[in-house]
Each structure stands twice: as structure tokens, then as C-alpha cells.
Amino acid sequence: MFKEANNRQEDVLSLIVKRYVETAEPVGSRFIAKQLGLSSATIRNVMSDLEDAGYVMHPHTSAGRVPTDKGYRYYIESLMHVRTVNDALAKSVKTEYNHASRSLEDVLQRTSHLISNLTNYVGVALFSEYHKLYLDGASRIVEQPEFKDFKKLYVILRCLEEKHDIMELLANDFDTEKLTIHIGKDNQRSPLSECSIVTRGYKVKGKVSGRVGVIGPKRMLYEKVIPTVEYLADAVSGLLEELDYINEQ
């Protein structure tokens, strides 16, 4: 992380990310100091080091800090504790798919709807071969406080409506089943440069055939989103394999 990385810097960054995800407000030294039992002066020094290293930034109108793209990335890869999928979520997924028709289109439409409902972000389901993209929950973007600016919101909603930029962003991920996370500037050629996109591949007949995932603010609850996306990708693979078997009978 740093030339002289230490647990205190990581603890402070982790708290900044968690608090900012929860409140959408810059995080001040007083809050961090209270959580860690340290002086505000000590925390301000650590936050300054984090800022110098590019992991947090200092908004002009606040004394607090917010995570940068680099900060989110470090948090996801090194500090985050991923939640497990609970029984209620698994049951809701099973119930939804029990009502699915015998078509790929219906499965993917239901999947985008499910992901949106389970994460409160935009649900995405992509079938690579025919370049079909299913989206659900675009209105979830409107609910995010960082998108109150009408011009910024309009650009994002237009992108979701036209879909072309999203397909282009995910083009390099078509051939991998692995989870991919595009944060902010990773999407720099797209109107979604203020968003994060989390997707994972699913298979048909043993071959990676598309991706499912979410589009939301960079300030998303990655601990919940990541296991949900992975669970849905596995569920889609299993369901499509089962439907393919049925159709061959």
C-alpha cells in the first residue's frame, strides 16, 4: 500500500470507505478518532498520508475525506470482508427461477430484475453471442445522492437507455468467467465514469456465454454486491444447463 504500510493506515481507510458508503458524506477525523480510540490530530496525520498516496481525497467544501477509485480498489482487494449469501436470498432466487419460462431471454430478464432488487442498483444481464443486454432498475440511480446533479444524471440514464457504451465497456470481459470490477476511471471512455460495474461470467454448455452484474455508484456496498453477483452467475449457469438438457429431450 505505502512504502511503510501499517495497520493504522489500513484501519483508517477501511473506516472511511465504510462510513462514506453508509452516509454519502465526507468522513471527518473526529468520527475516525472515536472509533479507533486515538486523538483527532493523530487521525488527521494518517488521513493526510492517505491523501498524499492517492487513496482518499479532500472535497473543497468539507474538512472530511472520501475514497478515491484507488482507495476503493485497495479496500476491495485487501481489506474487505465479503458477506455470505443468506438463506433468504437463496430462497428468493430459487422462487424467481421456478417461474422462469424455457427461454434464455426470460432467464436473463428475470436475472437483471433479481439483481436489481437484491442490491438496490441497476441489474445487468448480457448474452455475448447476440450482443443482447438486459437492464433493470435504472430508477435506482436516481435514488443515489451523488447523482442529484440533473446533467450528470441525464448522461447516465441516457447511457443505460442506449446500452452501447455498456456493451463496449464489457467487451474485454466477454471471454472470462472471473468476477470483474470496473471502478470510476476504469470506465473513462463512458458516461459511467462516476459509477462502478461489477459483473461475472456464466456458462452455457461449459462455455462462457455472457455476464451478469450491477451498475451503481462507486459508493456501493461491495461486501454484499460481490457475493450476490457470484451467486446469481452460478445460478444462471445451472439453470441454463438444465433448460438446455430439457430442450434436448
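**Close-ups of a predicted chain**

**View 1. Contacts that reach along the sequence.** Take the contacts in the chain between residues at least 6 apart in sequence: 56% of these join residues at least 24 apart. Keep in mind that this is a predicted model.

**View 2. The whole fold.** Count up the secondary structure and you get 10 helices and seven strands. The chain's radius of gyration is 20 Å, close to the 18 Å that the globule rule gives for 249 residues, so the chain is as compact as a globular protein of that length. If you box in the C-alpha atoms along the principal axes, they fill roughly 70 × 40 × 30 Å.

View 3. How much of the chain is buried? Of its 249 residues, 48% are buried, meaning under 20% relative accessible area.

**View 4. The largest pocket.** Here's the chain's largest pocket, with a volume of about 530 Å³. It is lined by 20 residues, and the closest to its centre are Tyr 20, Met 57, Val 66, Glu 194 and Lys 218.

**View 5. What the pocket lining is made of.** Which elements each supply at least two residues of the lining of the largest pocket? They are strand E2 (66-67) and helix H4 (69-79). Sort the lining residues by kind and you'll find nine nonpolar, three polar and eight charged.

Technical notes
Residues numbered from 1 in each chain as written. Predicted model: local features only at pLDDT ≥ 70, side-chain atom pairs only at ≥ 80, totals over all residues. Heavy atoms only, no water. 1 Å grid on protein atoms, 1.4 Å probe; cavity = no way out; pocket = protein on both sides within 12 Å on 5 of 7 lines; lining within 4 Å. Points joined across faces, edges and corners; volume = space filled by probe spheres on them. Helix = DSSP H or I, 4+ residues; strand = E, 2+ residues; numbered from the N terminus. Nonpolar A, V, L, I, M, F, W, Y, C, P; charged D, E, K, R; others polar. Rg over C-alpha atoms; globule rule 2.2 N^0.38 Å. Buried < 20%, exposed > 50% of the residue type's maximum accessible area, 1.4 Å probe, protein only. Contact = heavy atoms within 4.5 Å.
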